[in-house]
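Please look over the model shown here before reading the notes on its helices and one of its loops.

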Amino acid sequence: MIDKDFTPVEKKATLGLSAIFSLRMLGLFLVLPVLSIYAHDFPGATSFLVGLAIGAYGLTQAFFQIPYGLLSDKIGRIPILLFSTIIFVFGSLLAAYASLQENIYLLIAGRFLQGMGAVSSVVIALIADLTREEIRTRAMATIGASIGMAFAFGMVLGPWIAAHFGLAGVFGFTAILALISIPYIIWGLPKPKVIVHHEDAEFTGSYLGTVLKDKNLLKMDFGMFVLHMGLTAVFTSAPLILKQFMDVGDLWKVYLVMFLVGLTLMVPSTIIAEKKGLIKEVKIVAILILIFSFGLFMEFENQFVPAIIAIIVYFTGFMMLEPIMPSLMSRYAKPQVKGTASGVFNTAQFLGAFVGGAAAGYLLQYGHKAVFIFLGIITFLWLITVLTLEMPVSVKEKRIKK
């Protein structure tokens, strides 16, 4: 919610960029719950190729987000934002055409092209240009909340659109969402008077060594990698499990319950983590929930109700972790390197999405259990790193005051 502390320009910029970013992410999230089901029916499609199609956008997203941000410092935010959106539209249209032709290789190419439309670093840079430092965190939080809503709508709308219009319809709708934002990018967004590189919000190459030498930041990067690797891996495998018991058009009901339960538990867990200074404890509990869900998947992959419970349990753990991970990362980073630390952190997230899809696709040839054994092992390694994590001073001080 935008409060009265925002100037009219800041309010317009925050709401506009939130809408642009959320529409882009909605397009990506729409595909996540259904791509595995449809792509497996393409001629010549293997589990690995399907997994690659699911995670492909993460690789190019990771590769292009920092260069786009740096390039926007030189030639302007709006041109790069417009260019990346057009690339995303072409990628979505190519993926839609590939779906009509049932060509798995064209689909992978389309997904790689979608990832080349990386926009996060440019959006962050532009919001930094258009907001004062004292309200910038709230502006970023507004964008983060809009992404959360996009995720929820994507999980529910994706199966419904796919059931009525096929996978091509999902990608076509994705292209339309991006096209809608183009006129607003050109004529609606406020234009910054001066483009300045903001070290607290943008990647700075000279600080990369400092960030990579910080063991706590590296542990956070590994955690974000594992969290989003798990997300794409689960949605490479779980929709195929659910398909045994229900039509694609009914999957939205499962995902709606999944999101509502996750959201219900996310709010109090975030309050406990932030207000009570118990971030580490909440992280440990949430990671244990993830591991437990993988065990449920392995044990009950052929049983309807337990399989639904497994995905609800998984998403609960995911939702508990998603909001506190960026918050904790920002506390480890010193003010001047926050932008660089965030860039590395987000790159780890996108790489995790790519590896999760590819690894799950490869392991599916050995059965669903192989996917969840792999996820359980990697997530357990993450748990060990969290147990050895040194908490930021601010969090320790909160504990002392309590």
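This is a predicted model: local features need pLDDT of at least 70, side-chain atom pairs count only at pLDDT 80 or more; totals for chains, interfaces and linings use all residues.

Residues are numbered from 1 along each chain as its sequence is written, and side-chain values use heavy atoms, with hydrogens and water left out.

**Geometry of H9**
- Helix H9 covers residues 215-243, and at 1.5 Å a residue its 29 residues should span 42 Å, which agrees with the 42 Å between its end C-alpha atoms.
- At Phe235, shortly before the proline Pro239, H9 has a kink of about 30°, the bend being the angle between axes fitted to the seven residues ending there and the seven starting there.

**Packing of H3 and H4**
- Helix H3 (residues 47-75) packs on helix H4 (residues 77-101) at an angle of about 135°, with the axes 7 Å apart.
- H3 and H4 are therefore oblique to each other, as angles under 35 degrees count as roughly parallel, over 145 as roughly antiparallel, 65 to 115 as roughly perpendicular and the rest as oblique.
- Contact, meaning heavy atoms within 4.5 Å, involves residues including Tyr68 and Leu71 in H3 and Ile80 and Phe83 in H4.

**Loop residue Glu102**
- Glu102 lies in the loop between H4 and helix H5 (104-116), and its phi is near 55°, a positive value in a residue other than glycine.
- At 38% relative accessibility, Glu102 counts as partly exposed.

Methods. Axes are lines fitted to C-alpha atoms, for helices over the stretch in contact, and angles run from 0 to 180 degrees between N-to-C directions. Helices (H or I, at least four residues) and strands (E, at least two) are DSSP runs, numbered from the N terminus. The expected span of a helix is 1.5 Å times one less than its number of residues. Buried means under 20% relative accessible area, exposed over 50%, partly exposed in between (1.4 Å probe, protein chains only).
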